[in-house]
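Subject: Structure for your review

Dear colleague,

Please find the structure below, together with its sequence. My notes on backbone angles and charged side-chain pairs follow it.

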Amino acid sequence: MQPTRMRLTVAVVLFMTAVLQQADCHKMGLGQCKKPDALQNFKPDQFTGLWYVIEIFSTTSKCMTMTFNRTDTGFKVTEAREFVVGRMVNIDHTFSNTGTFTINDPSNPAIMTANWPSNFLSSADVRIVDTDYSSFAVLFECQFLYVINRHSAVILSREPKLSNTTVDRIKNDLTAFGIDVSDFDIIDHRNCNKPGEADFNWAIDENTFKITDPKKAKQPTTSQPSSPPASGVADPTEIEIIEADATENEVFS
């Protein structure tokens, strides 16, 4: 298979995988969203940085992380993962989706509005249910869609593992809020790609989606000028970047 065609095939497979992940990490329910109590006296500045997803609702993804960067209005949040389906068809990849968490009321900053570029349905209510900032955190996110809701809970850790005692306590607290903790799936953090290590890295933000091949970019260049490619075929040693307006090419995380 020609390199250009191979990359196009990879892009299509990753795109279809993301589309099939529309309901991934969420459960559907009837009626209004549940609203567990948000953490009192939440300190946004202490919440920044990398968090590992330990458990999350209904997913087949692995190596999930969330990185929180502070903004004037809340956070810019990057959710990264690897698709199990991609691994099954031998596509070495990473996927990241960068959205915004906006604080609605500065007096209660633990309640925010989440907007993800990969989800055009509507914004979502997201709240920090609990955290000690240094080891664990609990988030609950929900979208109300007329008569149904789409919701998810996330257990985070500063390390790839979290003690069973802490996880059990978190689940007991969520159960007390009427949240079904049987929907949790454990995230596998073994054999994860490091940033820039995968053959293909797919990134989505509010403006673009982009697929890059960092290994091609790292190939050494020569001082001799290269010949023009025959028949209009792109030079396979060049990095291929695919960009498009995210408002015209929606995908789902």
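Tyr-133 sits in the loop that connects strand S7 (124-131) to strand S8 (136-145); helices (H or I, at least four residues) and strands (E, at least two) are DSSP runs, numbered from the N terminus. Its phi is near 75 degrees, a positive value in a residue other than glycine. Tyr-133 counts as buried because its relative accessible area is 13%, where buried means under 20%, exposed over 50%, and partly exposed in between (1.4 Å probe, protein chains only).

Please note that this is a predicted model, in which local features need pLDDT of at least 70 and side-chain atom pairs count only at pLDDT 80 or more, while totals for chains, interfaces and linings use all residues. Residues are numbered from 1 along each chain as its sequence is written, and side-chain values use heavy atoms, with hydrogens and water left out.

A positive phi is also found at Asn-191, where the angle is near 55 degrees, again in a residue other than glycine. Asn-191 belongs to the loop between strand S10 (184-186) and strand S11 (200-204). Is this residue, Asn-191, buried or exposed? Asn-191 is classed as exposed because its relative accessibility is 67%.

I turn now to the charged side chains. Side chains of opposite charge can pair when their charged atoms come close. The whole structure contains seven salt bridges, each defined as a side-chain nitrogen of Lys or Arg within 4 Å of a carboxyl oxygen of Asp or Glu.

One of the salt bridges joins Lys-171 and Glu-55, at 2.9 Å from N to O. This pair links distant parts of the chain, with Lys-171 in helix H3 (residues 164-176) and Glu-55 in strand S2 (residues 49-57), 116 residues apart. Lys-171 and Glu-55 are both buried.

Glu-79 and Arg-81 form another salt bridge, with 2.8 Å between their closest N and O atoms. Both of these residues, Glu-79 and Arg-81, are buried as well.

Arg-169 is paired with Asp-173 in a salt bridge whose closest N and O atoms are 3.4 Å apart. The two residues, Arg-169 and Asp-173, lie in helix H3, four residues apart, which is about one turn of the helix. Arg-169 is partly exposed because its relative accessibility is 35%, and Asp-173 is partly exposed because its relative accessible area is 33%. Through salt bridges with shared partners, Asp-130, Arg-169 and Asp-173 are joined into one network.

With kind regards
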